[in-house]
Amino acid sequence: MTDSLDWLANPCPAPSNAAAAAARLRQDQLTKPRGALGRLESLAIRLAALQDTPSPRVDPVQICLFAGDHGVAAEAVSAYPQSVTVAMVRNIAGGGAAISVLARTLGAGLEVIDCGTLGDLRDVPGVRCEGVGPGTANLAQGPAMTRGQVAGALGIGRAAAARAAGQGVRLLIGGEMGIGNTTAAAALACALLGLPATDLVGPGTGLDGAGVRHKAQVVARALALHARGQTDPLVLLERLGGFEIAALAGCYLACGQGRIVVLVDGFIATAAALCACRINPGLRDWLLFSHGSAEPGHRVLLAALDAEPLLDLGMRLGEGSGAAVALPLVRLACELHNTMATFAEAGVAG
């Protein structure tokens, strides 16, 4: 590990057993049968342990959307042309995308960060241009990134988490945009888990059966080129990842180190989370998982992280949209925990 990446090993604080016990005691005193609110109860207790308080809260919430282009798009692995990345970043910043609507409706902050696209987005209001290159290289032919680019992209995520911390953010959602990024995410996850391409490759933006088979072949070529005998998650991220995937991983790690809870989105975000947890296993405690994506490989990643998602709505959009849809459940878990009456307060026999 180079000096510039030493921060990745900084510890993530452990959950507070005392706060968890206090929150569990309160749950048992609320005007309901014990366990009647199911996972909403365990969610509130877990948040209390992470925040080291018997009264957990998740607001303010920040959504960080990381964008990047992928050289592997040249292998025809997406149903959309690569120009869609920049077009969608403009749409997100302009308020017209799903995540834009969700952030606005939920009252969450939304930061859009160009980590390295093929277009010039400097004229677009609301986009932070911090690119470490004009898209990654083609991972089916060579390493996707240089070590310097990996460090830069991880640092973009770390800086986003630091800005969120400066605003008092308690919960962060990481989103992504980049044509070709389900291919990169699948390749990275296959390498981390030692699985064949066919176990994780799915339709992404809407490929048909033939398209999925071709995509799996591309990923298999990349694995043969880069992953044989290699287990170092940073090396695998460098060879098979993407700028926005690395930024997500860096953001997640910095959030865990800085006591910000992360609500993880779908397939690509979970691949980044898996990589981040392989780099620093202490991060896992700080990750909540929002939904089960319709992208088939997502279930494999969730199982590898021993994660049970809050929702299963058949979504596969990305952008952080599934996590945003799950946010009201997390808020409600806190509200119920903090503001329901106890039996004593309500004058009800326990």
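Tutor: Start with helix α10 (267-279). It gives the most to the lining of the largest pocket, with three residues. Helices (H or I, at least four residues) and strands (E, at least two) are DSSP runs, numbered from the N terminus. This is a predicted model, where local features need pLDDT of at least 70, side-chain atom pairs count only at pLDDT 80 or more, and totals for chains, interfaces and linings use all residues. Residues are numbered from 1 along each chain as its sequence is written, and side-chain values use heavy atoms, with hydrogens and water left out.

Now the pocket itself. A pocket is an open set of points on a 1 Å grid over the protein atoms alone, where a 1.4 Å probe fits, with protein on both sides within 12 Å along at least five of seven lines; lining residues have an atom within 4 Å of a point. The volume of the largest pocket is about 490 Å³, counted as the space filled by probe spheres set on the points, which are joined across faces, edges and corners. Its lining has 26 residues, and Gly204, Thr205, Arg316, Leu317 and Gly318 lie nearest the centre. α3 (84-94), β4, α6 and α10 each supply at least two of the lining residues. By class, ten are nonpolar, eleven polar and five charged. Here Ala, Val, Leu, Ile, Met, Phe, Trp, Tyr, Cys and Pro count as nonpolar, Asp, Glu, Lys and Arg as charged, and the others, Gly among them, as polar.

Follow α6 next. This helix runs over residues 181-193, so named as a DSSP run. Its 13 residues reach 18 Å from first C-alpha to last, close to the 18 Å expected at 1.5 Å a residue (1.5 Å times one less than the number of residues). Twelve of the 13 are buried, so α6 is largely enclosed by the rest of the structure. Buried means under 20% relative accessible area, exposed over 50%, and partly exposed in between (1.4 Å probe, protein chains only). Among the buried residues are Asn181, Thr182, Cys190 and Leu192. The buried residues pack against β4 (171-177), α7 (209-226), α8 (233-240), α9 (243-257), α10 (267-279) and α11 (298-304). Contact here means heavy atoms within 4.5 Å. So α10 meets us again, as a packing partner of α6. After α6 comes Gly194, with a positive phi near 70°.

What lies in the loop between β4 and α6? Gly180 does. Gly180 counts as buried because its relative accessibility is 7%. Leaving aside neighbours within four places in sequence, Gly180 is in contact with His70, Val72, Val77 and Ser78. The C-alpha atoms of Gly180 and Gln257 are 30 Å apart, and 77 residues separate them along the chain.

Last, the second largest pocket. About 260 Å³ of space lies in it. α2 (39-51) and β6 (287-289) each supply at least two lining residues. α2 gives the most, with four. The lining includes Arg39, Arg284, Leu288 and Glu308. By class, it has five nonpolar, one polar and five charged residues. Leu288 also gives a distance: its C-alpha is 21 Å from that of Ala159, 129 residues away along the chain. Ala159 is found in helix α5 (residues 147-166). Ala159 is partly exposed, with a relative accessible area of 30%.
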